[in-house]
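This report describes a single protein chain for a reader who works with coordinates. The chain and its model are shown first, and the description follows.

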Amino acid sequence: MPSDTAKLAECEFYLISEMNSYLIVHHPYRTLQDLTPVMNLTTEENNMSWQVINDSCLTDLPLLYPPHIIALTAIFLSVVLKPSLSQASLHAAATSAAAAAVVAANSGNGSGSNGNGSLGASGQGPQSRIGKIIEWYAESKVDMEAIIDCTQEIISLYEAWESFTATAEKNCKDQLTRMIKARGMS
């Protein structure tokens with residue numbers, strides 16, 4: 001195999017051409033960019049949503065859910081769950097907000113848009129803003145069950161990261177080393 005990356009890329013494109021395939025990749029970032037002005041996301045919320053999308057790539061969410069669901073989950077987490085929440089209240093806040101969104105979606109009475117499809121952020125308290133976001137989700141007829149599943153998966157990822165200490169890392173490395181030596185792979 002040639003070590004020249006240009007030649008490797010040329011081979012990949014030739015293979016893709018021969019297979020009659022396309023390299024069109026749908027990812028959550030496009031949805032995030034499209035919805036940022038619609039939902040009047042602040043720079044902080046947009047950045048946090050971007051980070052949540054990046055973190056979701058470390059899970060199996062991109063294989064299980066369409067990109068727009070992951071992007072909507074990231075927006076939901078960045079608006080509803082501010083980083084100032086404690087770890088203990090994180091799960092409870094996500095569950096209650098998601099449940100409220102499901103109820104609003106099932107009742108079909110969302111009226112949180114301001115006429116032009118955008119959610120205003122100026123002069124609102126946090127609860128009013130969250131209420132408007134939840135109403136937008138209800139009006140959009142998005143699959144809230146999928147968003148709840150994605151939310152729980154991402155929160156579980158963050159909880160696992162929080163509980164992973166230096167001692168746990170050392171124990172994990174030691175166990176892997178023992179397994180490798182036991183199978184004679186070293």
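## Core, ring pairs and local geometry

The largest nonpolar core holds 31 residues, and those with the most contacts inside it are Met39, Leu72, Ile75, Tyr137, Val142 and Ile147. A nonpolar core is here a set of buried Ala, Val, Leu, Ile, Met, Phe, Trp, Tyr and Cys residues joined through side-chain atoms within 4.5 Å. At least two residues of this core come from each of H2, H3, helix H5 (67-80), helix H7 (126-140) and H8. H5 gives the most to the core, with 10 residues. In soluble globular proteins, nonpolar side chains tend to be buried together.

The model is predicted: local features need pLDDT of at least 70, side-chain atom pairs count only at pLDDT 80 or more, and totals for chains, interfaces and linings use all residues. Residues are numbered from 1 along each chain as its sequence is written, and side-chain values use heavy atoms, with hydrogens and water left out.

The secondary structure of the protein chain comes to 9 helices and 0 strands. Helices (H or I, at least four residues) and strands (E, at least two) are DSSP runs, numbered from the N terminus. Of the 186 residues of the chain, 32% count as buried; buried means under 20% relative accessible area, exposed over 50%, and partly exposed in between, with a 1.4 Å probe and protein chains only. Among contacts in the chain with a separation of 6 or more, 74% are between residues 24 or more positions apart, where contact means heavy atoms within 4.5 Å.

Isoleucine 75, one of the core residues with the most contacts, shows the surroundings of such a position. Not counting residues up to four places away in sequence, isoleucine 75 touches Leu32, Leu35, Met39, Leu41, Ser49 and Tyr137.

A search of the whole structure finds 4 aromatic pairs. Rings of Phe, Tyr and Trp (its six-membered ring) pair if their centres lie within 6.5 Å; planes under 30 degrees apart count as stacked, over 60 as edge-to-face and the rest as tilted. Two of the pairs are tabulated below.

| Pair | Centre to centre | Angle between planes | Class |
|---|---|---|---|
| Tyrosine 29 and tryptophan 50 | 4.4 Å | 40 degrees | tilted |
| Tryptophan 136 and tyrosine 137 | 5.5 Å | 85 degrees | edge-to-face |

Because tyrosine 29 lies in helix H2 (residues 28-38) and tryptophan 50 in helix H3 (residues 43-56), their pair ties together parts that are 21 residues apart in sequence. The C-alpha atoms of tryptophan 50 and tyrosine 29 are separated by 7.2 Å. Tyrosine 29 is buried, with a relative accessible area of 16%, whereas tryptophan 50 is partly exposed at 34%. Leaving aside neighbours within four places in sequence, tryptophan 50 is in contact with Tyr29, Leu32 and Gln33.

Tryptophan 136 and tyrosine 137 are both buried.

Threonine 151 is found in helix H8 (residues 144-163) and is buried, with a relative accessible area of 2%. Its side chain reaches the backbone oxygen of isoleucine 147 at 2.7 Å. Isoleucine 147 is itself among the core residues with the most contacts.

Helix H9 (residues 166-182) has 17 residues, which at 1.5 Å a residue should span 24 Å; its end C-alpha atoms are 24 Å apart, in agreement. The expected span is 1.5 Å times one less than the number of residues. Just after H9, glycine 184 takes a positive phi of about 70 degrees.

Most residues other than glycine have a negative phi. Asparagine 20, in the loop between helix H1 (5-18) and H2, has a positive phi near 55 degrees and is exposed at 66% relative accessibility. Lysine 141, in the loop between H7 and H8, has a positive phi near 60 degrees and is exposed at 64% relative accessibility.

The protein chain averages a pLDDT of 79, and 74% of the residues score at least 70; pLDDT is the predictor's confidence in each residue, from 0 to 100. Over residues 85-89 the pLDDT is below 50, and this stretch has 5 contacts in the model beyond near neighbours in sequence. Over residues 109-118 the pLDDT also stays under 50, and the model has 18 contacts for them beyond four places in sequence. Where pLDDT is low, the predicted coordinates should not be read in detail.

Technical notes: A polar contact is a pair of N or O atoms within 3.5 Å; within protein, one must be able to donate a hydrogen and the other to accept it, and residues adjacent in sequence count only if both atoms are side-chain atoms.
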